[in-house]
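Please read the following account with the structure open beside the text.

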Amino acid sequence: MADVFRNREEFLEAEPEIDVTQFRETKLDLSYADQSVNQILDIFYPDEGEGPFPVVILFHGGAFVTGHKRSHYIKSMCLPVTQGYAVATVEYRLCQEAKWPAQLIDGKAAVRYLRRHARELNLDPERFAVWGNSAGGVVTQLMAVTGDRADCDDLTTGERASSEIQCAIAWYTMSELCSAEHFGTEMTDLLGYNPILYPERTCRVSPIRYVDENCPPMLLQHGTDDRVVDYHQSVYMYQKVKEVCGEDRVVLDLFDGEPHGSPEMKSDKNIGRCVDFLDECFYGGKNPYRKPFRNIRTAGEDEEMK
């Protein structure tokens, strides 16, 4: 097994990781399936409250070729842990290891694992949110719009339970993969074919295809100067959900002049807006644990640094 591709080991040197010692309680490297060493997740628990906790399930970006569940790139997305939410960060197979739809199957298996073991993990199985950025946002949107559809899952992977989620946040991601040239050769590597040449197959991979009246509340955010994924991808998804479900089911925030991976989107101000969205979905807008954010540190970062 020495040649096994291990996401975190492969990218740790280039991607400083979140310091897991800063959280009151953690459960680390939980295996949600048994096909790969990379089918693992971490859970970070909030500083106060007894639970069962609502949980925000994170899917990292990286064009499906890089990244891991403790990457510093998602530390802003972990900030709900300071506001009474448990946060689960999911490691999934990258395209070097497995072609699509392995990444979606892993996402669903992770949610099914968390719901199946919700009682022992002190999580509320009725309050599951997903949040993904870039490539992770593709998984997030598909998780939101496909629910328990049998044709979008593989129940031989992981445990049996519902993979439905109750709300979703997607940052600077794609909704229709026929425009996958924005990800260049990475999307061809992921799918195993050029998406432009096989539009019918690619349509079946696209989140926008599956939007129906059961779509949960979604918050979409995108910078208008994104040169990696055109911001119209989020516009298309917003328009589709609004058309099918009504204006109260989806919110679109466009950040004027902001690039892919926008620092403005990762600011405390915008994270506050994202937590407001979660609070509205899970607490009717009255979260008793709201307070000023504290810093989420990376390993080796001084505790006083912001």
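In this predicted model, a search of the whole structure finds 1 cavity of 30 Å³ or more, and the space in the largest cavity comes to about 40 Å³. Rolling a probe the size of a water molecule over the atoms shows where empty space is left. The lining of the largest cavity is made up of Pro46, Asp47, Glu48, Val81, Thr82, Gln83, Gly84, Tyr289 and Lys291, and these lining residues divide into 3 nonpolar, 3 polar and 3 charged.

Among the helices, H2 and H7 can be followed from end to end. For helix H2, residues 102–116, the end C-alpha atoms are 20 Å apart, which agrees with the 21 Å that its 15 residues should span at 1.5 Å a residue. H2 is mostly covered, since 14 of its 15 residues are buried. Helix H7, which runs over residues 232–245, has 14 residues and reaches 19 Å from its first C-alpha to its last, close to the 20 Å expected at 1.5 Å a residue.

What do the buried residues of H7 pack against? The residues in question are Gln233, Ser234, Val235, Met237, Val241 and Cys245, and the elements they pack against are helix H4 (135–146), strand S7 (218–223) and strand S8 (250–255). An α-helix has 3.6 residues a turn, so residues three or four places apart point the same way. With that in mind, the reader may look along H7 at Gln233, Met237, Val241 and Cys245, which are among its buried residues. Just after H7, Gly246 takes a positive phi of about 100°.

The next element to follow is strand S5, residues 123–133, which is largely enclosed by the rest of the structure because 9 of its 11 residues are buried. S5 pairs in the parallel sense with strand S3 (residues 53–59) over 6 bridges, and within this pairing Leu58 stands opposite Trp131 in S5. S5 also pairs in the parallel sense with strand S6 (residues 167–171), here over 5 bridges, and Ala170 in S6 is the bridge partner of Gly132. In a regular strand the side chains alternate between the two faces of the sheet.

The peptide bond from Gly51 to Pro52 is cis, with omega near 0°, and Pro52 is found in the loop between strand S2 (40–45) and S3. A cis peptide bond also joins Trp100 to Pro101, with omega near 15°; Pro101 lies in the loop between strand S4 (86–90) and H2.

With a relative accessible area of 1%, Phe64 is buried, because buried means under 20% relative accessible area. Asn122 has a phi near 60°, again a positive value in a residue other than glycine, and is found in the loop between helix H3 (118–121) and S5. At 27% relative accessibility, Asn122 counts as partly exposed.

Methods
Residues numbered from 1 in each chain as written. Predicted model: local features only at pLDDT ≥ 70, side-chain atom pairs only at ≥ 80, totals over all residues. Heavy atoms only, no water. 1 Å grid on protein atoms, 1.4 Å probe; cavity = no way out; pocket = protein on both sides within 12 Å on 5 of 7 lines; lining within 4 Å. Points joined across faces, edges and corners; volume = space filled by probe spheres on them. Nonpolar A, V, L, I, M, F, W, Y, C, P; charged D, E, K, R; others polar. Helix = DSSP H or I, 4+ residues; strand = E, 2+ residues; numbered from the N terminus. Expected span 1.5 Å × (residues − 1). Buried < 20%, exposed > 50% of the residue type's maximum accessible area, 1.4 Å probe, protein only. Contact = heavy atoms within 4.5 Å. Pairing = 2+ DSSP bridges.
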